[in-house]
Amino acid sequence: MNPGPAQVNLPPSLEACRITALPPAAYYIADFITEEEEEAILHKVETAPKARWRQLTHRRLQTWPSDLVKDTLLDARPLPDWLENPVVSRILSIPLSDGEPNIFAGSPHLRPNHVLINEYPPNTGIMPHKDGGAYYPVVCTVSLGSSLCLNLHKNKEDGALDPELVWRILQEPRSLLITTADLYSEYLHGIEPVSVDVNLSERSIANWNLLRSPSLYKDGVNQRETRTSLTYRDVLKVSKLGNKLGPMFKRL
Ligand SMILES: O=C(O)CCC(=O)C(=O)O
C-alpha cells in the first residue's frame with residue numbers, strides 16, 4: 001500500500017485489496033477517507049434540508065441527486081461537490097490492476113452518478129436483497145461513524161432466501177467496500193438489525209486481513225453506534241427530461 005495524504009492509505013490497485021475469500025469480486029480499503037473528511041461529510045448529511053430525508057419504518061435515507069423513477073434517474077445534474085470530492089475522484093484514481101483502468105471504465109457514464117445515504121442506528125438493518133438491473137453492476141460503499149457487518153446470502157434452488165450466511169464483511173468507519181460481478185448479481189446482501197455484531201474472527205469475517213483495527217474486535221464483538229453509509233452507483237438510464245422540468249424539479 002502507498003502511504004497517501006494523512007490517514008488515507010490507498011492501494012496501488014484494487015487487486016491489492018481484493019477480498020480473496022469471496023467469489024469475484026469485492027475490494028476493501030480500510031483508510032479510504034480521513035477523520036476530517038468523515039466529519040465534513042457527516043455534517044453535510046446531518047444538515048441537509050429535512051425534505052431530503054425519506055423516513056422508513058426503522059431507517060431514514062437520502063437520495064442524490066434524486067430518486068429513480070422506473071429505474072431511470074430523472075435529475076441528471078452532477079452530484080454535489082461534497083459527495084463528489086474526495087470520494088469519486090479517489091475511486092476513479094485507483095486502477096483495477098497494474099496498467100488497467102478504474103472500475104467504472106466500462107460503465108455508461110464512466111463514473112457514479114447516484115448516491116444513496118442510509119443511516120443505521122443500533123438495532124437497525126436492511127433485509128437481504130439484490131440491487132437489480134437499474135445500475136451498472138458496481139457498488140461502492142463508504143462507511144461513516146461506526147462499524148457493522150454486511151451479510152452475504154444466496155437464494156435456494158426454489159428462489160427463497162437461504163438463511164444460512166455465506167460470509168460476513170466487517171465495514172469500519174472511513175472504509176470503502178466495492179462489490180461487483182457475481183457478488184453483485186448472484187448474491188444477496190443485508191444487515192442484521194442488532195446492536196452488537198458477535199462471533200467476529202478471522203474465520204467468520206471475509207476481510208479480516210484487510211481491517212484497519214482487527215485488535216478492536218479480538219473479543220469477537222462490535223458494539224454498534226449509528227453508522228451512515230454512502231452507496232455510489234452508476235444508474236444506467238438517465239432522463240433527458242429531468243433538467244427541462246425547471247422550477248418544478250428544483251433540487252433542494
Ligand atoms: O448500507 C449499506 O451498506 C447497504 C445498503 C444497501 O444494501 C443498498 O443500498 O442496497
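I began with Ser175 and listed its contacts (heavy atoms within 4.5 Å). Leaving aside neighbours within four places in sequence, Ser175 touches Tyr28, Ile29, Ala30, Phe32, Thr141, Val142, Ser143 and Arg212.

I note the basis of these entries. The model is predicted, so local features need pLDDT of at least 70 and side-chain atom pairs count only at pLDDT 80 or more, whereas totals for chains, interfaces and linings use all residues. Residues are numbered from 1 along each chain as its sequence is written, and side-chain values use heavy atoms, with hydrogens and water left out.

**Entry 1: the setting of Ser175**

I located Ser175 in the loop between β12 (167-171) and β13 (176-180). Strands here are DSSP runs (E, at least two residues), numbered from the N terminus. Is Ser175 buried or exposed? Ser175 counts as buried because its relative accessibility is 0%; buried means under 20% relative accessible area (1.4 Å probe, protein chains only).

I then looked for polar contacts, which are pairs of N or O atoms within 3.5 Å; within protein, one must be able to donate a hydrogen and the other to accept it, and residues adjacent in sequence count only if both atoms are side-chain atoms. The side chain of Ser175 reaches the backbone oxygen of Glu172 at 2.6 Å. I also recorded that Ser175 and Leu10 are 165 residues apart in sequence and 11 Å apart in space, C-alpha to C-alpha.

**Entry 2: strands on either side of the loop**

I turned to β13, which pairs with β3 in the antiparallel sense over four bridges. Two strands pair if DSSP finds at least two bridges between them. The bridge partner of Ala26 in β13 is Thr179.

**Entry 3: Ser146**

I found Ser146 in the loop between β10 (138-144) and β11. Ser146 is buried, with a relative accessible area of 5%. Its side chain reaches the backbone nitrogen of Glu225 at 2.9 Å. Beyond its neighbours within four places in sequence, the contacts of Ser146 include Gln171, Pro173 and Arg227.

**Entry 4: the ligand**

Which residues are closest to the ligand? I noted Tyr120, His129, His189, Arg227 and Ser229 as the closest of the 13 residues that surround it, each having a heavy atom within 4 Å of it. An oxygen atom of the ligand is 2.7 Å from an N or O atom in the side chain of Tyr120. A polar side-chain atom lies 3.0 Å from a ligand oxygen atom in His189 and 2.6 Å from one in Ser229.

Technical notes: Buried means under 20% relative accessible area, exposed over 50%, partly exposed in between (1.4 Å probe, protein chains only).
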